[in-house]
Structures are given as structure tokens and as C-alpha cells.
Amino acid sequence: MKCDTGRLRAYLDDALPSPERDAVAGHLAACAVCQAELSVLQARSVAAGSRFAALTPASYPSADPVRALARFRAETLPAPATPWAAIRRSLTMTKHTLLNGRWRVATIGMTALLCLAVILSFAPARQVAADFLGLFRVRKFAVIPIDQAQQAKLEALAQQAESGQFGKPTQVREAGKPQPVADLAAASKAVGFAVRAPAALPTGATRKSFTVQSGPAVHYEMDRAMMQALLDATQVQGVKLPPVDKVTIDVDVPFAAEQSFSIGNGALSILQMASPQVSIPPGVDPAMIGEAGFKFLGMPDADARRLAQSIDWTSTLVIPLPANVVQYREVTVDGVSGLLVEHKSEKTNRRSASLLWQRDGVIHGINATDVDPLVVMQVADSLK
Amino acid sequence: MTTDAWTRAAAQTRDEATFDALFLTHYQPIFRLLYRIAGTREEAEDLAQETFLRLHRSPELWKGTREKPREHNVRAWLYRVAANLAYNVLRSQQRRTRREDVVLGQTLSAGSWEPNPVEAAEREEERVAVRHALAALPERQAQLLLMRHAGLSYRELAEALGIAPGSVGTSLVRAEAAFERVYQNLRSSEGGGR
């Protein structure tokens, strides 16, 4: 039998079938070279074992597989899904895409933007909000209530966009990873505007993290064939393509700062970012696209037109919300008008609240889980 | 309902039950592997969800067969996906930590693991070094070590990495040697810098 390091290693781990194991044992007894090698391998294996032991915590947090499976079924799995589950699923997937550094604008095809807006409007995940919050230059937020069937239509369209049917965006600059900062001064310096922190927090609140993150820049081109494909996919009637050969859209998402807190069993995070810039080319009428979007959602033509004309599309982020699963209302917060969205999960019994507003050119978002919405508003009002 | 529809519905129920069983069996060890690397419960849970989502999207591994799914295949597959996600986390955390060291003079800490602060600090140093060493290894070597130390057998490792069972020992020797070399380099450069 010849000396074989790999086989010795397997012998060490008792991973050889018995005839082979016996053969190695017999060989070892007679071969000093292999004996020496075995002890080297053993020492290294023991060393690696003790190094890896450092990664093992004193105790693991409890991980209840049944609860995890319930979450998986409720949030992560594809259809049949409630609108809320669909949103959460998109969110989970987006988050992991980001986490793995494979960020790209999955769904930037015109009308499908609306779908992204749904995702970010709930975004408890900072990455999603940081990257997507405002694919327009956001000044205001407006809500379009949608039902389950409409949500399904948006989902289907988003999936088509994701598969690249309407072209693929080019990543000009990747989104950065969140970087911890020490204080407000450091955060403000990094993001280029004055970051504010809450002056009042509920009792028992502890800061978990304070990070800044740079957003992505994306270039997207859509030629007439792709535009037509998108229009065909929406089956919207009576909409003409813009009189241009291709549409190019440049999206630049600047820095964002995020502060996360835990409050009892709940969590709250405050996101602040300068409004992203989106340059939309001449010849493209955003109101017409908005109108097409509303028609796509099934709104009668006249209503779609009236509503689309009433919105300042250059500064308003229109958020379709599944009205049967969330409550939303306009609120006065931080001295300006904002949007408060609330949801209670039937399955997990957890309450989420998202508060969105814009002040002094900075978009603010607070996402909270199991925190009273009134407290969320107080936190917003206390920003200094 | 037509007979076909019934058959389909029954098959679907059976498939879902198969998947649920796999989820419940493997969730905890997968979560723990991810927790050792991610360091927070939330991130480990999210990564575990992602791992099982990928399993769900690969029905050929578990769906439709009347016999029990090939258990060791699924286990090996899940560990490979989890080890891959963990490796990505290590790499991105390492990039982040480097930048902080330079830009902000801070180091990333996932928090204390022990009540004794001195021990905790030493352990943290060790943890950081191990993580950096793993992140510096080629992906397959890091994955192999992660999976081995999470308890996969040689047969499962071979399955996960798509290599012959007879080659696992050799791969492991190489990976351990590379790991120890990088680890010692890191520790000695740490010591020299102080």
C-alpha cells in the first residue's frame, strides 16, 4: 500500500470503510514516514478544531423550527400569497440579493416601479429603503389603495421585468455596505447633510447600530421594442409610446444614515437620506406613464387620467397599498405632512408601522415593529 | 373537481408535507452554522430562510418521489448553500471591517459572548482571526471547513462539493494547511503591530 496523505486524514477521522481502515492501520504499524505524517495531520486537525471552537457561542439563541417554518410559509414562499406575504417575500429576497452583493435594480420597468414602491413602503430592512426609497426625486408620498387582484397583477409584471423582458439596467455604481459611525457628526460628514437623532426615546430603548451607506447608481435604457413589450404585457389600451427611439433613465441614490434601536421586544429604525435623483429624458411624460399605471390597476380611463393629472410626478412617490391588509393615514409629523402605514400580521401577531416624510430635502423613514405608532410619531417629532 | 385535479392536489399536499419535514429536520443545525458566522440571531434567521427558499426552488431534490427523499443529498445540499451564504457574509464583513479600520478606526464587534470581559476580549480576537482566515481562503476550502466543523460526514462533504468520497481527505488536508498558514500569518502580523 502506498502512502497517501488524504487517506491518512480520512483514517484520522475514522471515515474509511473497514477493509481500507485495517489496511492503513497495518501499513502505519510498519511505516515511520506515515506515522510522522499522521501526527502532523492530527496536530493540524486538532488546531483547526480549537480555532473553530472560538466561533461557537456559549449558547445559541433559541431557534424554533416550527416558528421558522411558519414564517417561511407566511412570508417567504411563493403563491398562493396574500398581498402582504407577497410584499414580505419580495423584501426578503431583495434583502438577500443585497446581502450577497449581487445588487441590481431588478424591476425598473416603468410601471413596475410602482411595485417596488410597495416593497419600500413597508421596508423594515434598511438596505431596501436605502436603495429604493425614492426612484423619483421624492418630496411627497401619495397612496393608491389596491386590492389583492391588483397586487397580483403588479407582482406578475414585476416578475416579467425581473426576468429581463424589458431590458436590464446597468449598474454604474454599486451600493455600499453599511458602515458604522461613531456619532451624529461623523454620520453627517459621511452623508453630506445634517443627520438628526431622536432627543426622546421610550424607556428601555437601546441603540443597536448607527450606520451610513452609499446608494447605487444605475443606468437603464429601454428601446422601442422593449417599451412595446412592456405595454403589451400590461394590456393597457389607449396609451401611445413616447415619440423617442429609446428612453434612458439614470438613477443616482446618494448616501443614507440609519439608526436602529431595540425597545423591549420591539425594534425601531430611523433612516435619513438625501432624495435620489432620477433623470427622465425629454419626450417622456411621467403623467402619461402614471395614467397607464392606474389603468393597468383597473381604474376607469377617466378616473385614471384625472388622478394622473392631479399628481406632480416629478416629486411624488406613489405607493400602491393593499388596502385590505394595511391601514394608512396622512399625519403631521416633524412639522410637515407625512404618511403613516400600519399593519398587523395575523400569523405572527406582530405590529409594524412605517412613517415616511420629507423635510429640507431629506427623506425620512421610520420602520418599527411592535412599537406603538404614537411612540413612533413622538420619536419622529423629537429628531434634532 | 376532476380526477386529475384531485391527483394534482394530493401530490401537492404530499410534496409540501415532504418539504415541511425536511425544513423541521434541518432548520436548527443550519441556523446554528449560520449563527456562528453571522453573529446575530436576526441575520442567521434571514439566511436560514434564504437557504430553505433555495431548497424549495430546487424541487428536483425533494419533490415527487414516492420514496423518502435521499436524505444525505438534501442535507449536504443545504449545508453547501448555507456555507456559501456564510462565506459571502464573511467576505463582505471583512471588506467592511478593513474600511472601518482605516476610515473610522473602529472594529466590528458582534457583541460579547461571555460574561467575563477579559476572556470575552481574547475570545473575540480569536474569533476575528478565524473569520479573517476563513474569508481569505478560496471559497471551496472555506466551505469545506465550515461544513466539516458543522459535522458533515465525508460522504456528505463529497456530495456537497461534487467530488469523489476518496478525495475528501486530500481536500481537507489542503484546506486545513491553508487555513493554519493564513491564521498564523494573521496572528503574527497582529502581534508585530503592537
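In helix 1 (residues 5-12) of chain A, the residues G6(A), L8(A), R9(A) and A10(A) are buried, where buried denotes under 20% relative accessible area, exposed over 50%, and partly exposed the range in between (1.4 Å probe, protein chains only). Helices (H or I, at least four residues) and strands (E, at least two) are DSSP runs numbered from the N terminus. The N-terminal end of helix 1 of chain A is capped by D4(A), a side-chain oxygen of which lies 2.8 Å from the backbone nitrogen of G6(A). The helix is followed by D14(A), which has a positive phi, near 55°.

The model is predicted: local features need pLDDT of at least 70, side-chain atom pairs count only at pLDDT 80 or more, and totals for chains, interfaces and linings use all residues. Residues are numbered from 1 along each chain as its sequence is written, chains are lettered from A and ligands numbered from 1 in the order in which they are written, and side-chain values use heavy atoms, with hydrogens and water left out.

Chain A comprises 13 helices and 14 strands, and 53% of its 384 residues count as buried. Among contacts in chain A (heavy atoms within 4.5 Å) between residues at least 6 apart in sequence, 69% join residues at least 24 apart. A200(A) is partly exposed, at 40% relative accessibility. Leaving aside residues up to four places away in sequence, A200(A) touches V379(A) and S382(A). The C-alpha atoms of A200(A) and D381(A) are separated by 8.8 Å, although the two residues are 181 apart along the chain.

Strand pairing in chain A was assigned where DSSP finds at least two bridges between two strands. Strand 4 (residues 205-213) of chain A runs antiparallel to strand 3 (residues 179-180), to which 2 bridges join it; here Q179(A) stands opposite V212(A) of strand 4. Strand 4 is also joined by 8 bridges to strand 7 (residues 256-263) of chain A, again in an antiparallel arrangement. In that pairing, A256(A) of strand 7 is the bridge partner of Q213(A).

The interface between the two chains brings 57 residues of chain B into contact with 49 residues of chain A. The size of an interface is often given as the accessible area lost when the parts come together. Chains B and A bury about 4,800 Å² between them, 61% of it on carbon and sulfur atoms; this area is the accessible area (1.4 Å probe) that the two parts lose on being put together, summed over both. Across the interface, 7 residue pairs are in polar contact (both at pLDDT 80 or more), a polar contact being a pair of N or O atoms within 3.5 Å, of which, within protein, one must be able to donate a hydrogen and the other to accept it, residues adjacent in sequence counting only if both atoms are side-chain atoms. On the side of chain B that touches chain A, two or more residues each come from helix 1 (3-38), helix 2 (41-56), helix 3 (71-103), helix 4 (117-136), helix 5 (139-149) and helix 7 (168-192) of chain B. The residues of this side divide into 24 nonpolar, 10 polar and 23 charged, with Ala, Val, Leu, Ile, Met, Phe, Trp, Tyr, Cys and Pro taken as nonpolar, Asp, Glu, Lys and Arg as charged, and the others, Gly among them, as polar.

Other salt bridges lie within chain B. E45(B) and R41(B) meet at 3.0 Å, N to O, and both lie in helix 2 of chain B, 4 residues apart, about one turn of the helix. E45(B) is buried at 17% relative accessibility, whereas R41(B) is partly exposed at 32%. R75(B) and E156(B) meet at 2.6 Å, N to O. Because R75(B) lies in helix 3 and E156(B) in helix 6 (residues 154-161) of chain B, this pair ties together parts that are 81 residues apart in sequence. R75(B) is partly exposed, at 22%, and E156(B) is buried, at 9%.

Technical notes. A salt bridge is a side-chain nitrogen of Lys or Arg within 4 Å of a carboxyl oxygen of Asp or Glu.
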